[in-house]
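The structure and its sequence are shown first.

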Amino acid sequence: MKSSRATIMKRQKEILLYLEKQNYVKLTELAGAFQVSLATMRRDVAALERTGKITVRLGAVELSSPYGSLPNFDSEPLFMLNGPEKEAIAKCAAGLLESGDSVFLNSSSTAQRIFQYLDGKPLTIITNNGRSLNIRRGPGTELVLIGGQVGNSDPNGTLMKTSMTGDFAVDMISKISATKCVLGVSGISVRGGLTSLAIQDPAVNKAMIQHCGGPVIVVADHRKIGVRHNFYFGSIHDVTHLVTDSKSDPEELQRIRDAGITVCVVDAEDGAR
């Protein structure tokens, strides 16, 4: 039976709400979540894409950035979305780093923002994020870029990722001992642990955790809290600190605290608490 226009509009509104929480979702997952056929979901998604509210690429859907068209090279979907929260999270995480630290930093856009809040601290950042070469850093910050395989391009030849992954990257990490580790994630929960949307990222993230001799700091805005994605790379017990924003699910945050993790909750306007 054909759905009424009101039913279709209601479902499309709910799809947008779902994307606000889930960040980046495969079409097949959306169809399953809303219990409709893949063909029906494709029509809904096509209608939403025409409004400019979402972006579809490689069989997955994300909310479009409120800042307009963006270069398609970020390793994490929604690079500019939730910018104020990500900035506050990065600032708080930077405060956990000390002079003399050697810090693993993965390719997350939230983790990348830490550079601007280091305030000249003499420390070493070891990262697989190729974009870090173009980020201004203080004279005291040394940068070590891990080599490896660069992410694939989309069908039009546009580079989608500038992170270094693969066996070569993991081997380089295995030769380094860091004092701290700052990781962005696609999802973090007590039940699901640490998860990623991208199949190539977990090996690097796991290696960074294994070769870190001190605190493992996860930076994740509210869209990642309580969320589990396809590719697992660590237990909640691998984490010592979580830095997130005040929109995060308070019940899940309490479960994370109960697991022994120090949780820093940041308000984009008022700072951390």
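Across which strands does α7 lie, and at about what angle does α7 run to β13? In this predicted model, α7 lies across β11 and β13, and its direction makes an angle of about 10° with β13.

The two strands belong to an open sheet of three, ordered β10-β11-β13 with antiparallel pairing. Its edge strands, each pairing on one side only, are β10 (187-189) and β13 (231-234), and neighbouring strands are turned against each other by 30° on average when direction is ignored. Between β10 and β11 (residues 193-196) there are three bridges in the antiparallel sense, and G187 is found opposite T195 in β11.

## The contact of α6 with α7

Helix α7 also packs with α6, at an angle of about 5° and with the two axes 9 Å apart. Because angles under 35 degrees count as roughly parallel, α6 is described as roughly parallel to α7.

From α6, the residues A169, V170 and I173 meet A203, V204, A207 and M208 of α7. By class, the residues of this contact are seven nonpolar, no polar and no charged.

## Nonpolar cores

The largest nonpolar core holds 29 residues, and those with the most contacts inside it are F104, I188, L194, M208, V218 and L242. At least two residues each are supplied by α6 (167-174), β9 (180-184), α7 (201-210), β12 (216-219), α8 (250-258) and β15 (262-267), with α7 giving the largest share, four residues. Another core, of 23 residues, lies apart from this one and has A88, F115, V219 and C264 among its members.

When neighbours within four places in sequence are left aside, M208 is in contact with F104, L105, N106, I126, N128, I146, I173, C181 and L183.

## The enclosed strand β9

Five of the five residues of β9 are buried, so this strand is largely enclosed by the rest of the structure. Both of its faces are covered, with K180, V182 and G184 buried on one side and C181 and L183 buried on the other.

Strand β9 pairs in the parallel sense with β4 (residues 102-105) over three bridges, and it runs parallel to β12, to which four bridges join it. The residue C181 takes part in both pairings: C181 is the bridge partner of F104, and the bridge partner of C181 in β12 is V216.

Definitions and conventions
Residues numbered from 1 in each chain as written. Predicted model: local features only at pLDDT ≥ 70, side-chain atom pairs only at ≥ 80, totals over all residues. Heavy atoms only, no water. Core = buried A, V, L, I, M, F, W, Y, C linked by side-chain atoms within 4.5 Å. Buried < 20%, exposed > 50% of the residue type's maximum accessible area, 1.4 Å probe, protein only. Contact = heavy atoms within 4.5 Å. Axes fitted to C-alpha atoms, helices over the stretch in contact; angles between N-to-C directions. Parallel < 35°, antiparallel > 145°, perpendicular 65-115°, else oblique. Nonpolar A, V, L, I, M, F, W, Y, C, P; charged D, E, K, R; others polar. Pairing = 2+ DSSP bridges.
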